[in-house]
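Q: I am new to this structure and would like to go through it in short steps. Could we begin once it is displayed?

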Amino acid sequence: MAEDRLACRECHHVNDPDAQTCEHCGSSSLTEDWAGYVIITQPENSEIAEEMNVTKAGSYALKVR
(Lines give C-alpha, C1' and ligand atoms only; values in the text may rest on other atoms or scores of the structure.)
Protein backbone atom coordinates (compact mmCIF):
# COMPACT_ATOMS: atom_id res chain seq x y z
CA MET A 1 0.00 0.00 0.00
CA ALA A 2 1.07 3.58 -0.56
CA GLU A 3 0.88 4.36 3.17
CA ASP A 4 3.72 1.92 3.89
CA ARG A 5 6.08 3.51 1.38
CA LEU A 6 8.72 6.17 2.08
CA ALA A 7 8.72 9.64 0.53
CA CYS A 8 11.90 11.56 -0.16
CA ARG A 9 12.10 14.89 1.67
CA GLU A 10 14.15 16.37 -1.19
CA CYS A 11 12.23 15.43 -4.36
CA HIS A 12 8.99 13.91 -2.93
CA HIS A 13 9.44 10.69 -4.93
CA VAL A 14 7.65 7.74 -3.28
CA ASN A 15 10.04 4.82 -2.68
CA ASP A 16 9.66 1.20 -1.55
CA PRO A 17 9.32 0.66 2.22
CA ASP A 18 12.75 -0.97 2.49
CA ALA A 19 14.63 1.73 0.52
CA GLN A 20 17.69 3.28 2.14
CA THR A 21 18.07 6.04 -0.46
CA CYS A 22 15.75 7.70 -2.98
CA GLU A 23 15.62 6.00 -6.40
CA HIS A 24 15.43 9.38 -8.20
CA CYS A 25 17.78 11.76 -6.39
CA GLY A 26 19.86 9.48 -4.15
CA SER A 27 18.99 11.33 -0.94
CA SER A 28 18.94 9.33 2.28
CA SER A 29 16.34 11.66 3.82
CA LEU A 30 13.26 9.43 3.58
CA THR A 31 10.14 9.58 5.75
CA GLU A 32 6.90 7.71 6.41
CA ASP A 33 5.23 11.04 7.26
CA TRP A 34 3.67 12.15 3.98
CA ALA A 35 0.22 12.75 2.47
CA GLY A 36 -1.32 12.79 -0.99
CA TYR A 37 -0.20 10.77 -3.96
CA VAL A 38 0.18 11.64 -7.63
CA ILE A 39 1.51 9.56 -10.51
CA ILE A 40 3.16 11.58 -13.24
CA THR A 41 3.61 9.76 -16.55
CA GLN A 42 4.56 12.61 -18.89
CA PRO A 43 6.25 15.36 -16.87
CA GLU A 44 7.03 17.40 -19.98
CA ASN A 45 3.27 17.80 -20.68
CA SER A 46 2.03 18.10 -17.10
CA GLU A 47 1.11 21.33 -15.33
CA ILE A 48 1.22 19.48 -12.01
CA ALA A 49 4.76 18.27 -12.74
CA GLU A 50 5.76 21.83 -13.60
CA GLU A 51 4.27 23.14 -10.34
CA MET A 52 6.07 20.41 -8.35
CA ASN A 53 9.37 20.86 -10.29
CA VAL A 54 9.25 17.21 -11.39
CA THR A 55 11.25 16.22 -14.47
CA LYS A 56 11.10 12.39 -14.21
CA ALA A 57 8.03 10.16 -14.50
CA GLY A 58 7.04 8.38 -11.30
CA SER A 59 4.98 8.44 -8.09
CA TYR A 60 5.22 11.51 -5.88
CA ALA A 61 3.90 12.61 -2.50
CA LEU A 62 2.08 15.92 -2.46
CA LYS A 63 3.00 16.83 1.13
CA VAL A 64 6.10 15.58 2.94
CA ARG A 65 6.82 16.37 6.57
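**Loops and a recorded site**

A: Cys 25 lies in the loop between β2 and β3 (30–31). Please note that the model is predicted.

Q: Is Cys 25 buried, partly exposed or exposed?
A: Cys 25 is partly exposed, its relative accessible area being 41%.

Q: And which residues is Cys 25 in contact with, leaving aside neighbours within four places in sequence?
A: With those neighbours left aside, Cys 25 is in contact with Cys 8, Glu 10 and Cys 11.

Q: Where is Cys 11, then?
A: Cys 11 is in the loop between β1 and β2. Cys 11 has 24% relative accessibility and therefore counts as partly exposed. Beyond four places in sequence, Cys 11 touches Cys 22, His 24, Cys 25 and Tyr 60.

Q: At which residues does UniProt place the feature "binding site"?
A: The unreviewed UniProt entry places that feature at Cys 8, Cys 11, Cys 22 and Cys 25. They span 18 residues in sequence, yet no two of their C-alpha atoms are more than 8.6 Å apart, so they gather at one spot.

Q: New topic: where does His 13 lie?
A: His 13 is in the loop between β1 (6–8) and β2 (14–15). Its relative accessibility is 4%, below the 20% limit, so His 13 counts as buried.

Q: What joins the side chains of His 13 and His 24?
A: A polar contact of 3.3 Å joins these two side chains.

Q: How far apart are His 13 and Ser 59?
A: They are 46 residues apart in sequence and 5.9 Å apart in space, C-alpha to C-alpha. Ser 59 is also one of the residues in contact with His 13.

Terms used:
Residues numbered from 1 in each chain as written. Predicted model: local features only at pLDDT ≥ 70, side-chain atom pairs only at ≥ 80, totals over all residues. Heavy atoms only, no water. Helix = DSSP H or I, 4+ residues; strand = E, 2+ residues; numbered from the N terminus. Buried < 20%, exposed > 50% of the residue type's maximum accessible area, 1.4 Å probe, protein only. Contact = heavy atoms within 4.5 Å. Polar contact = N/O pair within 3.5 Å; in protein donor to acceptor, adjacent residues only side chain to side chain. UniProt positions renumbered as here; feature names shortened; annotations may be inferred.
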